[in-house]
Amino acid sequence: MPAETTPASDPALDRPMAGVRVVDLSQGISGPYATKWLAALGADVVKVEPPIGDLSRAAGPWPGDVPDPETSGLYLYLNTGKRGLTCNLDTSDGRAIAAALCARADIVVESFPGGYLDERGLGYDRLREDNPAVVMVSVTPFGQSGPYADLPASEITLFALSGQMGVTGDPNRPPLKTGGSQPSYQAGLHAFTATQTAYLGALRQGRGTHLDISAQETFASMLEYYASYSSQGGEEYRGRLGNMISAIWGIYPCIDGYAGMCVLPRNYDRMAAATGIPELSEPPFNDADRRRELDDTLQAILYGWFAGKTRKEVHAVAMEFGFPAGYVATVPDLVESEQLAHRGFLQHDDHPLAGPLDFPAHLWVAPEHGWERGRAPTLGQHNREILVDELGYDLDDLARLRELDAI
């Protein structure tokens with residue numbers, strides 16, 4: 001049955017997910033990213049890893065570029081605030097431990113290929129026999145069904161097959177992916193929100209559900225109007241547009257990098273005044289239709305204006321005159337951002353093994369609750385606490401389980 005959800009008297013527990021028990025069987029990025037935020041909202045998340053550790057432990061960055069599974073920046077970021085348990089699901093004892101955990105859980109998150117947990121007696125149909133209200137969340141590259149369900153995927157595969165690469169980059173050059181692992185993080189964010197919705201339904205109705213989340217579908221859903229060109233109105237697909245859609249909607253080089261703007265007709269007069277170039281406020285450029293006809297000429301003028309300013313000078317002028325423009329921020333820019341500092345966006349931790357770390361600390365700001373900012377667990381850090389204190393194993397059992405490679 002769902003965990004007790006009566007508001008806790010301890011202020012440290014007064015978070016939206018306090019009292020909710022989550023078993024995190026997932027690896028990589030998507031599932032752990034979802035459960036990271038559940039933990040930050042107060043859920044008790046048990047991170048279940050194979051004895052060799054989560055896949056993310058093999059990814060950097062590492063301090064001094066020295067690989068160490070306990071100091072992986074990716075792992076440490078994705079697993080903050082969780083408790084850690086090692087458990088080998090390919091052993092009968094390991095499966096028994098996982099089953100006992102899931103029987104007590106409100107939510108189970110996993111990222112295995114379809115059928116993997118069913119073959120080990122840990123699939124949703126089996127779990128709900130003992131725990132009818134359990135919510136299981138499966139987040140995988142292509143979902144649990146369909147011809148791609150068993151296809152291995154990397155980030156570039158998901159960028160390509162979601163359609164995002166097809167609309168990104170210069171039209172005269174090969175398509176591009178954006179930086180980072182956006183398909184996996186977006187799938188994780190969808191899993192985070194969908195999990196809370198399903199858990200609310202379980203509380204209200206007394207029965208859980210199985211959420212099947214596809215990273216491909218998640219990322220494809222962000223194609224905006226591109227996907228409707230062929231289905232609505234029969235318009236021809238426009239393809240990649242690069243960084244310059246029009247003179248007043250694009251990215252320009254500056255003295256020290258790049259800045260850009262997205263100026264609509266209602267903002268044009270403010271932008272023209274901000275440049276201090278009189279001809280931009282006069283005919284023909286003050287007429288929207290004529291601007292489109294003379295877009296190349298307007299681009300040439302604006303290239304000259306941007307080239308004489310730094311990125312942040314452009315941003316300062318835009319703030320002063322009130323039109324949408326900004327600089328292309330680097331990662332150091334973000335770390336030093338006065339806006340993010342004002343909102344307490346970065347969490348600092350002097351980690352005993354990895355050294356000083358700064359992580360994004362929240363998804364939103366709410367006056368009623370904060371976010372838990374605990375560290376990620378070391379491999380098997382809470383084995384004894386969970387197995388002995390909570391599941392009833394004794395110390396001899398732990399020794400036996402280690403010998404059998406079950407934990």
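Predicted model: local features only at pLDDT ≥ 70, side-chain atom pairs only at ≥ 80, totals over all residues.
Me: At what angle do α1 and α7 pack, and how far apart are their axes?

Reply: Helix α1 covers residues 30–40 and helix α7 covers residues 182–205. The angle between them is about 45°, and the axes lie 7 Å apart.

Me: Which residues make the contact?

Reply: From α1 come Ser-30, Tyr-33, Ala-34, Trp-37 and Leu-38. The residues from α7 include Tyr-185, Leu-189, Phe-192 and Gln-196. Sorted by class, the contact of α1 with α7 has nine nonpolar residues, five polar ones and no charged ones.

Me: Take Trp-37 of helix α1. Is Trp-37 buried or exposed?

Reply: Residues under 20% relative accessible area count as buried. Trp-37 has 2% relative accessibility, so it counts as buried.

Me: What is Trp-37 in contact with, apart from neighbours within four places in sequence?

Reply: The list is Tyr-77, Phe-192, Pro-360, Ala-361, His-362, Leu-363 and Trp-371. Phe-192 belongs to the α7 side of the helix contact.

Me: With which side chain does the side chain of Trp-37 make a polar contact?

Reply: The partner is the side chain of Tyr-33, at 3.4 Å. Tyr-33 is also one of the α1 residues in the contact with α7.

Key:
Residues numbered from 1 in each chain as written. Heavy atoms only, no water. Axes fitted to C-alpha atoms, helices over the stretch in contact; angles between N-to-C directions. Helix = DSSP H or I, 4+ residues; strand = E, 2+ residues; numbered from the N terminus. Contact = heavy atoms within 4.5 Å. Nonpolar A, V, L, I, M, F, W, Y, C, P; charged D, E, K, R; others polar. Buried < 20%, exposed > 50% of the residue type's maximum accessible area, 1.4 Å probe, protein only. Polar contact = N/O pair within 3.5 Å; in protein donor to acceptor, adjacent residues only side chain to side chain.
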